[in-house]
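Please look over the structure shown below before reading on. The briefing that follows takes its topics one at a time.

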Amino acid sequence: MGFSTTLTVNGVTRAIALDDPRVTLLDLLRERLDLTGTKKGCDRGQCGACTVMVDGRRVNSCLALALSLDGADVLTIEGVARGEALHPVQEAFIAHDGLQCGYCTPGQIMSAIGLIQEGQAGDDPERVREGMSGNLCRCGAYQGITAAVLTAQKALASASRKEVA
Amino acid sequence: MNSFDYVRPATVRDAVAAAAEPGAAYLAAGTNLLDLMKGGVSAPTRLVDVTHLRDLDRIEVLPDGGVRIGALVRNAELAHDRDFARRFPAVAEALLSGASAQLRNAATVGGNLLQRTRCAYFNDAASACNKRNPGAGCDARGGDNRLHAILGWSESCIATHPSDLCVALAALDAVVEVEGRAGRREIPLETLHRLPGDTPDRETVLEPGEMIVAVRLPAAAARFAAHARYLKVRERTSYAFAIVSAAAALRLEVDVIAEARIALGGVALKPWRAREAEQVLAGARVDASLFRRAAAAALAAAKPSGDNAYKIELAQGVVVRALTLAAAGTPERMPALPGSPFAAASGASAHG
């Protein structure tokens, strides 16, 4: 039996035919749309490696059925840079060594983008750590990650002030 | 994961009809259900996707001052709703003490109420579990049961209910609106979940197909806003389930407690309203020894179900601390670490 779902992924709207209702958003992105930047860590909502934005909110793509998200707008790590210009969060992760092996990094970056948009953490490192607690890093790059989020937040805030001015 | 029929009803009425069939399950965000299905713990033959139903995602203030929360409101949306968090701060703090930001962005209020226990033996399809497979036995008895129930448990099941939200809602007399084949009815949240008894497989009082459409908090629940906290002891400070938690809410007239609410989490298979403790507090003057007496009353019926006698002592400490924090006053801003015993609360000593 066939199913279909329509998703806008990184700005491109696609009608996607599915032969199986069990496909998660994560598996759809990686296995069927060749967007392998989003990583599968635990596949059970515990590690955050699969974090993407759905309708502007960061979520675990491993725990969402692709069919159920019919009509949603999805942003993945492949969609955050502007051409060759990295997203400020990507730049900050590099500047602060917010990674070692890099496997969790796409999820960390998507989660950080979500955290900054949510606007709850401010410049308090404790609130940043709490807000990033859904992303595990087995290399233990947490200090660099926290510093990167704080730096990126400042960069984004000053960029948006310039836009307003 | 087993395969299943996928249906997406257009109305609540169609959803109820589709979900009343044996083997059917409601799908909201799926943050708990898909995890259970991947582990082979849950194997519904039909998923009834309710996420596209209209009008279930609103937070409405009612004419009498109460608030009605649609079943599809996301956990994060509710916790960060300014007006809601100002009037019901213990509910917001409970929500933000649970799961991760990603899960809170997806998980719904209705789904939170109906999430399943995190008992490791329930969640391991190879273990004996009377809840999953009635009559199979309980591997948690005699197993690793440090985190299991100390109140309301039975020989057949010693699991706990994992929700933080439900604890705060139980303390504040929340009511659950349910739609079923026979129409709409209301259930006090406190009686939604069943204690295990001999039938731990029957987890709630819901009939087949009955769907939670909303949760209501009465206007009176907002009278506790100035003195309402949620405190949650976990094995790590963030992104962990409660070992023991408590929602404490006081209505103070100067330093006399006009009315008190206490509910405990992590201690039983349902959010545990401690009315005996509330009675100890009502009409009394705020005082450390009073809080200890209230805590003793709250845990008077507790008994260990395994290697967890420590939880009885711990729960009393959590009740005393939650009451102390509530008496000191709701902080103006949500603490950086919601519900954490390590968080410094403005106007309160974290070690009060």
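Predicted model: local features only at pLDDT ≥ 70, side-chain atom pairs only at ≥ 80, totals over all residues.

How many residues lie between β6(B) and β7(B) in the hairpin that they form? There are 2 residues between these strands.

**Strands of chain B**

- Strand β6 of chain B, residues 175-180, pairs with strand β7 of chain B, residues 183-188, in the antiparallel sense over 6 bridges.
- Within this pairing, Val175(B) stands opposite Pro188(B) in β7(B).
- β6(B) also pairs with strand β8 of chain B, residues 211-217, again in the antiparallel sense, over 5 bridges.
- Here Glu177(B) is the residue that stands opposite Ala214(B) in β8(B).

**Domains**

- Chain A is divided into domain 1, residues 3-79, and domain 2, residues 88-164.
- The centres of domain 1 and domain 2 of chain A, taken over C-alpha atoms, are separated by 22 Å.
- The contact between them takes 15 residues from domain 1 of chain A and 13 residues from domain 2 of chain A.
- On the side of domain 1 of chain A that touches domain 2 of chain A, β3 and β4 of chain A each supply at least two residues.
- β3(A) gives the most to that side, with 3 residues.
- By class, the residues of that side of domain 1 of chain A are 6 nonpolar, 6 polar and 3 charged.
- In chain B the assignment gives domain 1 as residues 5-49 and domain 2 as residues 224-328.
- The C-alpha centres of domain 1 and domain 2 of chain B lie 36 Å apart.

**Helix α3 of chain A**

- The 14 residues of α3(A) should span 20 Å at 1.5 Å a residue, and the end C-alpha atoms are 20 Å apart, which agrees.
- Of the 14 residues of α3(A), 12 are buried, so this helix is largely enclosed by the rest of the structure.
- The buried residues of α3(A) include Thr105(A), Ile109(A), Met110(A) and Leu115(A).
- In chain A, the buried residues of α3(A) pack against β3, β4, α2, α4 and α5.
- These buried residues also pack against α6 of chain B, residues 101-106.
- Gly119(A) follows α3(A) and has a positive phi, near 70°.

**Ala112(A)**

- Ala112(A) is placed in helix α3 of chain A.
- Ala112(A) counts as buried because it has 31 C-beta neighbours inside 10 Å, and the cut-off for buried is 20 or more.
- Leaving out residues up to four places away in sequence, Ala112(A) touches Val89(A), Met132(A), Val149(A) and Ala152(A).
- Ala112(A) and Ala155(A) are 43 residues apart in sequence, and their C-alpha atoms are 13 Å apart in space.

**Contact between the chains**

- Chain A has 28 residues in contact with 23 residues of chain B.
- On the side of chain A that touches chain B, β4 (57-60), α3 (105-118) and α4 (125-131) of chain A each supply at least two residues.
- That side of chain A has 8 nonpolar, 11 polar and 9 charged residues.

**Nonpolar core**

- The largest nonpolar core has 163 residues, and those with the most contacts inside it are Ala168(B), Ala247(B) and Val319(B).
- Helix α11 of chain B, residues 310-328, gives the most to this core, with 9 residues.
- Leaving out residues up to four places away in sequence, Ala168(B) touches Ala90(B), Val91(B), Ala94(B), Tyr230(B) and Ala247(B).

Methods: Residues numbered from 1 in each chain as written. Chains lettered and ligands numbered in written order. Domains from an automatic or database assignment. Core = buried A, V, L, I, M, F, W, Y, C linked by C-beta atoms within 7 Å. Helix = DSSP H or I, 4+ residues; strand = E, 2+ residues; numbered from the N terminus. Contact = placed C-beta atoms within 7 Å. Nonpolar A, V, L, I, M, F, W, Y, C, P; charged D, E, K, R; others polar. Pairing = 2+ DSSP bridges. Expected span 1.5 Å × (residues − 1).
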